[in-house]
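Here are my notes for your review. Please read them with the coordinates open.

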Amino acid sequence: MNAFRLLIAAALLPLSRLSMVRSDAAGVTLPGAASVTETATSGTWHWPLAPPHPLLRGFLAPATQYAPGHRGLDLSAEAGREVVAPAEGIVSFAGVVVDRPVLSIEHDDGLVSSIEPVSASVAVGDRVAAGQPVGQVADGGHCAGQCLHLGARLNGGYVSPLLYLVGVPRAVLLPALLLRGDS
């Protein structure tokens, strides 16, 4: 059982550091780690904002479909900052939801990105390229005037956008034998 706990702790350690992710032109830098280039990761999405990318709040999966959670990432951003499409796709929604302007883009393989609050410069049905400007950070939402929220849905279910963003190092699970010191 102790080996299992060590394995879980080793796997979760990189995730605990993601609350401090920032990036530069070379890639993403985690405290105490070397810079990671895009080729060292499997992500394909562009960050919706130019660097740096201070993460204010990470993804927290809900226990059930309707339970509390945080269904995306909150990136530090002030109103007026340019927002770009994370990947190629077709704009499926550009409008107001409750108290905030939202932009959604349908990508390949059942994947949808949503960005809020954003004053969209594109319209429903427009095809966008990865990294193409799609609007500006607006005001509204749960962190009004302080952040941009990036969400991702795969076949209708929320998933962490960190799975798709370029420059985010992936967690690597080590065999239990290495953790116990067995040879």
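**Notes on backbone, sheet and disulfide**

1. Start with valine 98. Its relative accessibility is 76%, so valine 98 counts as exposed. The model is a predicted one, and the points below should be read that way.

2. The backbone at valine 98 deserves a look. Phi is positive there, about 60°, although the residue is not a glycine. Where does valine 98 sit? Its place is the loop between β6 (89-97) and β7 (100-106).

3. Aspartate 109 is another residue to check. Its phi is near 60°, a positive value in a residue other than glycine. Aspartate 109 belongs to the loop between β7 and β8. Is its side of the story buried or exposed? Relative accessibility is 71%, and exposed means over 50%, so aspartate 109 counts as exposed.

4. Next, the peptide bond from proline 51 to proline 52. This bond is cis, and omega is near 0°. Proline 52 lies in the loop that runs between β2 (27-29) and β3 (55-57).

5. A cis peptide bond also joins glutamate 116 and proline 117. Here omega is about -15°. Proline 117 is in the loop between β8 (111-116) and β9. Please inspect both omega values in your own viewer.

6. Now the sheet. Which order do its strands take? The order is β5-β11-β9, an open sheet of 3 strands with antiparallel pairing. The edge strands are β5 (82-84) and β9 (118-120), and each of them pairs on one side only. On average, neighbouring strands of this sheet are turned by 40° against each other, direction ignored.

7. One pairing in more detail. β9 and β11 (residues 133-137) pair in the antiparallel sense, over 3 bridges. Serine 119 has glutamine 136, in β11, as its bridge partner.

8. Last, the cysteines. How many disulfides does a search of the whole structure find? The search finds 1. Cysteine 143 and cysteine 147 form this disulfide. Their sulfur atoms are 1.5 Å apart. The cut-off for a disulfide is a pair of cysteine sulfur atoms within 2.5 Å, so this pair qualifies. A disulfide is a covalent bond between the sulfur atoms of two cysteines. Are the two residues buried or exposed? Both cysteine 143 and cysteine 147 are buried. By contrast, valine 98 and aspartate 109 count as exposed.

Definitions and conventions:
Residues numbered from 1 in each chain as written. Predicted model: local features only at pLDDT ≥ 70, side-chain atom pairs only at ≥ 80, totals over all residues. Heavy atoms only, no water. Pairing = 2+ DSSP bridges. Helix = DSSP H or I, 4+ residues; strand = E, 2+ residues; numbered from the N terminus. Axes fitted to C-alpha atoms, helices over the stretch in contact; angles between N-to-C directions. Buried < 20%, exposed > 50% of the residue type's maximum accessible area, 1.4 Å probe, protein only.
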